[in-house]
Amino acid sequence: MTFLDFDFMRRALLAAMVIGLLAPAIGVFLVQRRLALLGDGMGHVALTGVGLAFLTGTAPVPTALVVAVVGAIGIEFLRARSRSAGDVILALVFYGGIAAGVLLTYLAGNRAASSLNQYLFGAITTVSGNDLIWLLAAAALVAVTLLIFSREMFAVSFDAEVARTQGIRAGFISAMITVLAAVTVVIGMRTVGLLLVSAIMIVPIAAAQQVSRSFRGTAGLGVVIGWACAVSGVILSFYIDVPSGATIVLLTLGCFVLALPIGSALRRST
Amino acid sequence: MSIVATEGLSVAFGQPVLRDVTLQVNEGDFVALMGSNGTGKTTLVRTILGLQRPQSGASWLFGVPTTRFRDWHRVAYVPQRLTNTSAVPLSVEEAVRAALASPAHRWRPLSRAQRLAIDEALAMVGLQGRGKERLEHLSGGQQRRVMIARALATDAELLIMDEPTAGVDLGEQRRIAGHMRLLRDRNVTVLLITHDVGPVAGLSNRAIVLGHPDHGSVRYDGASPPPPQYSEHVWHHSHEGPSDPGLLEGP
């Protein structure tokens, strides 16, 4: 009997494949814009959505999606309008998000509080059929947006002012990157967990960056690493009964540690 | 028709940075924009490009008010900062390719002609066959040449460059001047911020010298090089080390 004989495993595996592919594809833009911690913050904001879902009895995934997207737009708005430094604004939104999430969950009662861990750290047994439909729809939306706008997103991440002089609406594209990050965080919520999902956006890119010479190469290798770690992390967590999120993230960190000496060897040889 | 025009342009960041700048750049002009640190040279080009809102006055690109200008493919801008600070590795070819990104080409992949233009542009600046290399592994001068290749690849009619020769040795400056001559020969209009009287500034047929904005920023607007009494605005500061962008030149 293998893991594929279980419905929940098939769903978890599909969810992991999707997040493994998408997260690094968005993450490469976050790394280039020096917003590597943005995904982490979006996870905090999404937690408010989860708390709200507990309290109102709505489905957690769509509720978290809506709250995370609203939070993403709010962050972009504050970043553009406010005089505070960008990271201070991020901090305000992040801590507000996690505090509101915990408070709402507490108000929703004991059962909600005990399942909070699953959302924070991911659990393969929790991906329902309904969740999967939401995740796949959101993933399709992210993928199509990436395909259409990736060149403009690249130009804006490279140099937003120069992009503006190419006729690109840099503010709009930059908000789009943040919203895509928010959606991706919610896609990864079930398998990787809100506190760890940002890692699968950033760590595979950090590993790929050690060995590649181009943006495209970094993104491509990052996606391969993210995908492989997400899939093998879910399978491992089935056999050795450990949380899937932590397993996936530790695997990506392992790839990073492996990439370091390979990278310096490559640099010496050229 | 003037390619760039401004009228009574004033910009302040708390205190005045530019005051009452009225100028016209005509087709085929190669203008050296000069002035010591803090006289608002970078602010002026950023305002011309619509990246900085003026307190008063107006500017036009190709006869269209900058705020309503849409034909951005006619413009290429090379800022002063170098790009070797890219967080993600960036290849030379990608740095040039980024210049071709535009909302107009959203749906189409790069055409054969565009890919050829990238290769040709790199060849013209003496970097043929080096497109796959990491941009940050190139020297400062070579990176400037990549930025010029960006302009060459886009077929822009107006090139605005901020100090393309800052921190670059004389040999490399001569080479850059050679590539910029190609642009001039294509009848590209060039507006160039420069501190140096070196080979690149030597290509200019016109000079505009900015001074402190107390009573109007423009000190001189005429043939290049400017007469010696204006040069002190330009050259009296140190040439050593990386040039200080100046506190007044804004964000």
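F69(B) and W72(B) are both buried. In this predicted model, their rings form an edge-to-face aromatic pair, with centres 4.9 Å apart and planes at 90°.

A search over all chains of the structure gives 13 aromatic pairs. Another of them joins F6(A) and F238(A), whose ring centres lie 5.5 Å apart. The angle between these two planes is 55°, which falls between the limits of 30 and 60 degrees, so the pair counts as tilted. F6(A) sits in the segment before α1 (7-32) of chain A, while F238(A) belongs to helix α10 (residues 215-240) of chain A; the two are 232 residues apart, so the pair links distant parts of the chain. F6(A) has a relative accessible area of 28% and is partly exposed. F238(A) is also partly exposed, at 21%, because the limit for a buried residue is under 20%. Both belong to one aromatic cluster together with F3(A), F8(A) and Y239(A).

The next topic is the interface between the chains. Chain B contributes 35 residues to the contact and chain A 26 residues. Together they bury about 2,900 Å², of which 55% is on carbon and sulfur atoms. On chain B, L51(B), V88(B) and R106(B) account for 20% of the area buried against chain A, more than any other three residues.

One salt bridge crosses this interface. It pairs the side chains of E161(A) and R46(B), with an N to O distance of 2.2 Å. Polar contacts between chain B and chain A number 12 residue pairs. On the side of chain B that touches chain A, β6 (75-78) and α2 (92-97) each supply at least two residues. The largest share, three residues, comes from α2(B). By class, that side has 19 nonpolar, seven polar and nine charged residues.

Note on methods:
Residues numbered from 1 in each chain as written. Chains lettered and ligands numbered in written order. Predicted model: local features only at pLDDT ≥ 70, side-chain atom pairs only at ≥ 80, totals over all residues. Heavy atoms only, no water. Contact = heavy atoms within 4.5 Å. Buried area = accessible area lost by both parts, 1.4 Å probe. Salt bridge = Lys/Arg side-chain N within 4 Å of Asp/Glu carboxyl O. Polar contact = N/O pair within 3.5 Å; in protein donor to acceptor, adjacent residues only side chain to side chain. Helix = DSSP H or I, 4+ residues; strand = E, 2+ residues; numbered from the N terminus. Nonpolar A, V, L, I, M, F, W, Y, C, P; charged D, E, K, R; others polar. Phe/Tyr/Trp six-rings, centres within 6.5 Å; stacked < 30°, edge-to-face > 60°. Buried < 20%, exposed > 50% of the residue type's maximum accessible area, 1.4 Å probe, protein only.
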